[in-house]
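Subject: Structure for you to look at

Hello,

Here is the structure I promised. Please open it before reading on.

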Amino acid sequence: MIEIRALIKAYGDIQALRGVDLRVSAGELCVVLGPSGAGKSTLLRCVNRLTEPTSGEVLVAGQPGPRTRAELRDLRRHIGMIFQDHNLVPRLSVLKNVLTGRLATMPAIAAALQVFPRVDIDIALDALRRVDLAGRASDRADRLSGGQQQRVGIARALAQQPQVILADEPVASLDPKTARVVLDDLRRAAHELGIAVLCNLHQVEYASEFADRIVGICDGRVVFEGMPEQLHAAALTRIYPGLDADISRAAEGARAEQEAAV
Amino acid sequence: MSRFRLLLGGAWTMSRGLKWLAMLAAAAAVLVWSAMGIGLSVAELLRGLPWIWDLVSRMLPPNWTFLGRLVRPVIETVQIALWGTLLSVLLALPLCFLAARNLSPSLAVFHLTRQALNALRGINEIIFALIFVAAVGLGPFAGVLALSIHGAGMLGKFFAEAVEEIDAGPVEALRATGTRPALVAVFAVLPQVIPSWIASTLYRFEVNLRAATILGMIGAGGIGFELVSSLKLFQYQDTATCVLVILAMVMTADYLSSRLRARILAA
């Protein structure tokens, strides 16, 4: 569904991505791990062109990069995005926030006058049901807790009925319990709806627990690719160079513990 | 050991002290020079006191029967302020997006609009009123036009600053869904700026009401005309009534608008 070939992104002299190849299939939750500044965000943002790649190819559903503004909007229509700080509009209701995921397909003038097609409202309510927040539809978004707001963010992405979801550190500001709920929502979106989900994380244990496949990025390059069970200490030191051996052992210990618990 | 000690910012050296002395001397020189220019004189003021008292005593008591003549001018003053504010909002709305650094289509457009707004704001509404009286004739409509043009410069700047202060996150999130820019403005920008825009507009109405009370002095409508006529006819008791009515209008508007603004900004 997503196919990235020889992707390079340079900011002046600084190379954020130095030739990345990556594929994500429909229905797969692919987690990208890597230290801060490794290029994880840049990689995601190159997929929906919030960042314009310097060179290389990004194909979404076989389509190459957009050439016009209209093509760009059409590309983004099929790609949902989830942000670390959820980026909801605080003074709008939960339902309207989810409906913004469908604005691209609505008659513009009616929408501007706050008149929405019933089909779209039903799709939005259905998306809210998927994240278990249908009961909060008419509350103002800023009345919800951080975890609930992030799940409204997921509902907004789902309302786009996207082929791809990009999640940029979606649980970085959440407590562990809420983080698991959010990651579980994302995994179900991938498995039940057949969406290709590309998700940046910086917690190794969440990656091991939820990912179908893990890609490790360091210094703008892919340094690991494999199943969660293949993520051993050696791989971790490649992704996080300088990480003390005993810290990686601790991470592995935590993983073994989780496996034992499962 | 004294119980108090003078603390000034930073360490004091001889050269720093001299620099400060020089600056203080320069400031004093400018003030003395200005005082001479304007004929500032306590003696003049003291000599004038009896005359001021004479004027005040002639104003008292206010002529309450004059109130009946003021009903129409008061209503007209409020109408001028109302339409002056509304038209300046309509003019400011499209300009403020161009004058906001974060949403302006280009840096050139941003600077151009900002400078245009500065020019509108820089010229006093009375000067605009003089121009419009010459253009559309005596009467309240000239006053309305003056207030809307000057007010557009003010509100355009306030509105643009509100747009610059928004959280960029929701804007990016909506762009990322493929929503066209006009709808991004409606759904991600407007909800964030509306409270501040309404507060600025209410404040602008207060300012316009105060301005509308003097527009009449130059023939641009409102209660100012009655005020000036009574002065010219030496009817000082009528003047006193005008001044009290203006005071009551302005205080009522300030009170209502500050209460409304507090409620809107708290929501």
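This is a predicted model: local features need pLDDT of at least 70, side-chain atom pairs count only at pLDDT 80 or more; totals for chains, interfaces and linings use all residues.

The chain contact first. It takes 22 residues from chain A and 17 from chain B. On the chain B side, helix H7 (168-175) and helix H8 (181-215) each supply at least two residues. H8(B) gives the most to that side, with seven residues. By class, the chain B side has ten nonpolar, five polar and two charged residues.

Next, helix H5 of chain B, residues 125-136. Which of its residues are buried? They are B:Glu125, B:Phe128, B:Ala129, B:Phe132 and B:Val133. These residues cover an arc of only 140° around the axis, so they sit on the same side of H5(B). An α-helix has 3.6 residues a turn, so residues three or four places apart point the same way. The cover over the buried residues of H5(B) includes helix H6 (140-164) and H8 of chain B. After H5(B) comes B:Gly137, with a positive phi near 95°.

Last, the cores. The largest nonpolar core has 124 residues; A:Val197, A:Leu198 and B:Val163 touch the most other members. H6(B) gives the most to this core, with 13 residues. Beyond its neighbours within four places in sequence, B:Val163 is in contact with several residues, including B:Cys96, B:Phe97, B:Val189 and B:Val193. A second, separate core has five residues, among them B:Ile223, B:Leu227, B:Cys242 and B:Ile246.

Best wishes

Conventions. Residues are numbered from 1 along each chain as its sequence is written. Chains are lettered from A and ligands numbered from 1 in the order in which they are written. Two residues are in contact if their C-beta atoms, placed from the backbone, lie within 7 Å. Helices (H or I, at least four residues) and strands (E, at least two) are DSSP runs, numbered from the N terminus. Ala, Val, Leu, Ile, Met, Phe, Trp, Tyr, Cys and Pro count as nonpolar, Asp, Glu, Lys and Arg as charged, and the others, Gly among them, as polar. A residue is buried if 20 or more other C-beta atoms lie within 10 Å of its own, exposed if 12 or fewer, and partly exposed in between; C-beta atoms are placed from the backbone. The arc is that of the directions from the helix axis to the C-beta atoms. A nonpolar core is a set of buried Ala, Val, Leu, Ile, Met, Phe, Trp, Tyr and Cys residues joined through C-beta atoms within 7 Å.
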